[in-house]
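Please look over the model shown here before reading on.

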Amino acid sequence: MSTPMPDFAMPEEDAPRRAVPLRPRGPRLRRGVGVAVVVAVVSALAIVGVPALVDQQRGRDAVATVERLADAVADGDVDAVLAAMPTIDERGDVAAMDVVVPASGLRVEGVSLVRVDGDEAIVRVAHAVGPDRGSAEVRLEDRDGWRVVEGLLALTDVDDVVARVLGGDVQPGPTWLLPGRYDLGTVGLGAVDLVPAAFAIVPPPLGATLPAPTFDAVPSVQTASAALDRIEAVLAACALAPADGCPPVGATPSDVPPFMGWSIDLAARSGTLDVEVTSSVAAQAAGSAELVTTPMRFAVTLADDLGAVAFEQTPASGQLP
């Protein structure tokens, strides 16, 4: 007997499922980040301000201008130095002024901005000249671009003598001396020789003009020879007619050469010559002699071109009879 099949109902088919694609997150996320960056930049501009950003760039441009000048000064590149300077200013035609290059130039150790104030900027240069370190400020003006107005270079007025010592084509008048150490040799100027000691030029403060370098003047060989001739002429006159300032009566020349002490003022084209003449006089002991010195003084006059010299014995040491 067969068992009856149980009754059951077939399950109704589920409604077909609708595929719901996932919402793409990447593009939305990227759009969100992009919007945030734009907002951040706009906010930064709002805080810092476009003018401030422009001033920062102008400050960098000012520093770059001074860096070029400082490098040109350190390298002794005269053309580049003049290119960084204004063509005309209150000192006249800058490009026409002489520029003197030292034997050993300035070393640049750093350039930094001090401030930008409208059309003016101040930049500081840290430097070394030989073993000495320091810093100097450079002032610039915006003349359709930054131009150096003053600083770092040393402006001085040189006379004809200093110009001849500096050599080259240097002419008397306003002259740029590049910072550094100068080692100049002895310069013959006819009646005198100039013996320049090594000296250093450091960048001066803003607005300062350096005094011109000075040099020791010594008589040239021809001047010393002319002085000896003049002394011998005085002694010959003393032998004929003794007078105040002459060696003692009966004194004879000794083998000791006259001592000559010079003092020369180049600017005044004059000076003095102090002389000590050593003579021999007979002593009381038979066959012996004593050495005595007689002082003399001469006024020295140099020709304007330093090519000649004249001597005149002064009354303080006696006059020729």
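The points below go through the model feature by feature.

1. **Ground rules.** This is a predicted model, where local features need pLDDT of at least 70, side-chain atom pairs count only at pLDDT 80 or more, and totals for chains, interfaces and linings use all residues. Residues are numbered from 1 along each chain as its sequence is written, and side-chain values use heavy atoms, with hydrogens and water left out.

2. **The disulfide.** A disulfide is a covalent bond between the sulfur atoms of two cysteines. The cut-off used here is a pair of cysteine sulfur atoms within 2.5 Å. The structure has one. Its partners are C238 and C246, with 1.9 Å from S to S. The torsion about the S-S bond of C238 and C246 is about -75°, so this disulfide is left-handed. Both C238 and C246 are buried. Buried means under 20% relative accessible area, exposed means over 50%, and partly exposed lies in between (1.4 Å probe, protein chains only).

3. Helices (H or I, at least four residues) and strands (E, at least two) are DSSP runs, numbered from the N terminus. Two strands pair if DSSP finds at least two bridges between them. Strand β5 covers residues 107–117 and runs antiparallel to β6, with nine bridges joining the two. V108 has H127 of β6 as its bridge partner. On the other pairing, ten bridges link β6 to β7 (residues 132–142), again antiparallel. There, A128 stands opposite R133 of β7. How much of β6 is buried? Seven of the ten residues in β6 (120–129) are buried, so the strand is mostly covered.

4. **Two hairpins.** β5 and β6 form a hairpin with two residues between them, and G118 in the turn has a positive phi of about 65°. The hairpin of β6 and β7 also has two residues between its strands; here G130 takes a positive phi near 60°.

5. Most residues other than glycine have a negative phi. L152 has a positive phi, near 75°. L152 sits in the loop between β8 (146–150) and β9. Its relative accessibility is 0%, so L152 counts as buried. R269 also has a positive phi, near 55°. R269 lies in the loop between β17 (259–265) and β18. At 13% relative accessibility, R269 counts as buried.

6. A154 belongs to β9, residues 154–158. With a relative accessible area of 0%, A154 is buried. A154 and W176 are 22 residues apart in sequence, but their C-alpha atoms are 5.6 Å apart in space. T175 is part of β10, residues 173–177. T175 counts as buried, because its relative accessibility is 0%. A polar atom of the T175 side chain lies 3.1 Å from the backbone oxygen of G173.

7. **A three-stranded sheet.** Which strands make up the open sheet, and in what order? The order is β12-β13-β15, with antiparallel pairing. β12 (187–188) and β15 (216–219) are the edge strands, each pairing on one side only. Two bridges join β12 to β13, residues 192–195. V187 stands opposite L194 in β13.

8. **The largest pocket.** On a 1 Å grid over the protein atoms alone, a pocket is an open set of points where a 1.4 Å probe fits, with protein on both sides within 12 Å along at least five of seven lines; lining residues have an atom within 4 Å of a point. A volume is the space filled by probe spheres set on the points, which are joined across faces, edges and corners. The largest pocket has a volume of about 340 Å³. It is lined by 21 residues, and L235, P247, A251, P253 and S279 lie nearest its centre. α5 (221–240), β16 (252–253) and β18 (270–282) each supply at least two lining residues. α5 gives the most, with five.

9. **The second largest pocket.** About 240 Å³ of space lies in the second largest pocket. Of its 14 lining residues, D159, P213, T214, F215 and L266 are closest to the centre. α4 (160–166) and β15 each supply at least two residues of this lining.

Terms used. Polar contact = N/O pair within 3.5 Å; in protein donor to acceptor, adjacent residues only side chain to side chain.
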